[in-house]
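Open the model in your viewer and keep the selection panel to hand.

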Amino acid sequence: MSSIMSPTTPLEVVREAYLLPYAGDTRNAYVYQLGRWLDWCTTHDIAPLAAGRVDVEQFVHHLHVELGHLPSSVHAALTPVRGFYRFAYAEGVIDRDPAVLARRPRNPKPYRDTVGLDREQMRSFLQAGDRLGGRYAAAAYLLACLALRASEVCAVRIEDFQCSLRGHRVLELAGKGGLHARMPLPVPVVRALEVGAEGRTAGLLIRRRDGAPLSRQGLRTLVRTLGRRAGIALPLTPHLLRHSCITNALESGASLRKVQDLARHAEPRTTMRYDRNRLSLDDHAVHAVVAFISPSRDDSDEPSREAGHHFRDDDEHVTAATATAAARPSWPAGTGHGWR
């Protein structure tokens, strides 16, 4: 927390009001990054609520050039700063937003492979969970079949999947941003979760061996163990399994809208990226252009009918055009007649 802040200052009031809707990891990250900006303002004798665009750009220069942060890290650091000033301007605390036009380093988005494991690898992963049983089975099915995030898997309680609705066992969970979600549980998933509960009726579903809550790092270790038992060479992570679940749902024929519900993506464009990536090699335009212009191997081996030129069998329109041109009458020069 910044040293300049006091519970009685207007800055503290605006800061707390801005951070109010955020919770968990998001709030922690925003508190940290906003604190960096406020501390930098203190070091340079700048009143944050009176800062200008140049001040924000000097802070960007400090992060990018002096500290050597990558453009993506600079963008992450500026996100709560821009949000703070946007909020302050909307509430009438400041008369202009110093961050809205502040220039930032370009942040080209690299290609992200969201394809993950194929169908057979996913089956091997689930079978490894079945063989190991207990928390391994529960984690395998939650990740591979429900596309849960690591934090969501670690937070699932046994009480969360005891209810039935319209003939379906359902899982109730608080997802990203605290948003409530309800997911139906097919029979194989219910079996795996009950195996993971190990006869208990309450408490966290997946725990450490000593009964303490399992951390996200502990879940990563558990997933790597499952990957080795399944004979999968890729270094598995919980998020890779989420990618794999979404991609396999699209491969199974589920619509984009339904897969968006499965993944709980706020924007359909996020789900569409998975759909593009899984077909990016199969549907690439290079296949069409090569099929359109490349000579077939059989035709290219035929002797040319003119010096240095080869004609393909499918170029019948060229042959026909040549024959037509040969049959045209030759008009004397200067008569005003010609073929166009």
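Buried means under 20% relative accessible area, exposed over 50%, and partly exposed in between, with a 1.4 Å probe and protein chains only. Helices (H or I, at least four residues) and strands (E, at least two) are DSSP runs, numbered from the N terminus. This is a predicted model, in which local features need pLDDT of at least 70 and side-chain atom pairs count only at pLDDT 80 or more, while totals for chains, interfaces and linings use all residues. Residues are numbered from 1 along each chain as its sequence is written, and side-chain values use heavy atoms, with hydrogens and water left out.

**Helix α6**

Select residues 134–146, which form helix α6. Its 13 residues reach 18 Å from the first C-alpha to the last, close to the expected 18 Å (1.5 Å times one less than the number of residues). How many of the residues of α6 are buried? The count is 12 of 13, among them Arg135, Tyr136, Tyr141 and Leu146. Step just past α6 to Ala147, which takes a positive phi of about 60°.

**The largest pocket**

Next select Arg149, Glu152, Gly175, Lys176 and Gly177, which lie nearest the centre of the largest pocket among its 32 lining residues. A pocket is an open set of points on a 1 Å grid over the protein atoms alone, where a 1.4 Å probe fits, with protein on both sides within 12 Å along at least five of seven lines; lining residues have an atom within 4 Å of a point. The space in the largest pocket is about 1100 Å³, a volume filled by probe spheres set on the points. Colour α2 (24–43), α7 (150–155), β3 (180–184), α10 (238–251) and α12 (268–279): each supplies at least two lining residues.

**Salt bridges**

The structure holds 14 salt bridges, each a side-chain nitrogen of Lys or Arg within 4 Å of a carboxyl oxygen of Asp or Glu. Show Glu194 and Arg169, whose side chains meet at 3.5 Å, N to O. Glu194 lies in α8 (187–197) and Arg169 in β2 (168–174), so the pair ties together parts 25 residues apart in sequence.

Then show Glu172 and Arg182, which meet at 2.8 Å, N to O. This pair links strand β2, holding Glu172, to strand β3, holding Arg182, 10 residues apart.

**Helix α13**

Finish at Val290 in helix α13 (residues 285–293). Val290 counts as partly exposed because its relative accessibility is 41%.
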